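Here are my notes on the model you sent. They are set out as numbered points.

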Amino acid sequence: MKCPKCSTTVLTENINIQADIAKCTHCGEVFKVSENLTDDTYKAFDINTPPSGVSFKRDVDTTVISATTRSALAFFLVPFMLVWSGGSLGGIYGSQILQGEFNIFMSLFGIPFIAGSVLFWSIALMAIFGKVVLTIDRQGGKIFTGIGKIGITQHFMWSEVSSISEQANYSRSSRNSSSVIAIEGKKRITFGSGLSDDRRYYVLHALKKIYGQVKR
Ligand SMILES: [Zn+2]
């Protein structure tokens, strides 16, 4: 940390985080620690009051943060998917089944609609039932993203982590971007794109806070 007046690096023994005060021995300036930190890890953030849809449980050595990806998007996606999926797949394959005739061209034509249905239904189901669960201990943690027991689990080790931040996630297919939480270091893990802004904010800062505690 640097002195806000003379920019001399302030020694650790002259900084009191608990009292939020530090003293520069070079010029005698006394200043608030919180107002001079660019790293927001130590800024006021209450890990014990998560927003709605997020739970925080701390055991002896394990912390579990569970955040739902429940979203109002479901109200739009589900009816849309019923019409789109039902219409396209019903039209392409349903008609073949009803007529009892297999049509290779129609069947091949339908493959992108099957792929699209799988992708959008998984987004729609995540918007209803999905969750992101972080299970963290002193060695590292795992991040589960999915529905029930079905989903993706990513692992990380604290010793291999060098930064945790929020980053824009540009998807190939769409113009709009969403944010993700990125854990970087030896490898890069991103997650949390389905979380609402306030839930993602909480998870990001909770993770940073725990990281700060583990590092010391
Ligand atoms: Zn100074």
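1. C6 is partly exposed, with a relative accessible area of 28%, whereas C3 is buried at 2%. Buried means under 20% relative accessible area, exposed over 50%, and partly exposed in between, with a 1.4 Å probe and protein chains only.

2. This is a predicted model, in which local features need pLDDT of at least 70 and side-chain atom pairs count only at pLDDT 80 or more, while totals for chains, interfaces and linings use all residues. Residues are numbered from 1 along each chain as its sequence is written, and side-chain values use heavy atoms, with hydrogens and water left out.

3. The zinc ion has as protein donors the SG atoms of C3, C6, C24 and C27, at 2.3 to 2.4 Å. Donors are N, O and S atoms within 2.8 Å of the metal (3.2 Å for Na, K and Ca); water is not among the atoms, so sites may look incomplete. Along the sequence the donor residues follow the spacing C-x2-C-x17-C-x2-C.

4. The zinc site is tetrahedral, with angles of 107 to 113 degrees among its 4 donor atoms. Four donors count as tetrahedral if all angles lie between 85 and 135 degrees. The ideal angle for four tetrahedral donors is 109.5 degrees.

5. An open sheet is formed by 3 strands in the order 1-2-3, with antiparallel pairing. Strand 1 (15-16) and strand 3 (30-31) are at the edges, each with a single partner strand, so one side of each has no neighbour in the sheet. Strands are DSSP runs (E, at least two residues), numbered from the N terminus, and two of them pair if DSSP finds at least two bridges between them.

Note on methods: Tetrahedral: all angles 85-135°; square planar, octahedral: opposite > 155°, others 65-115°. Helix = DSSP H or I, 4+ residues; strand = E, 2+ residues; numbered from the N terminus.
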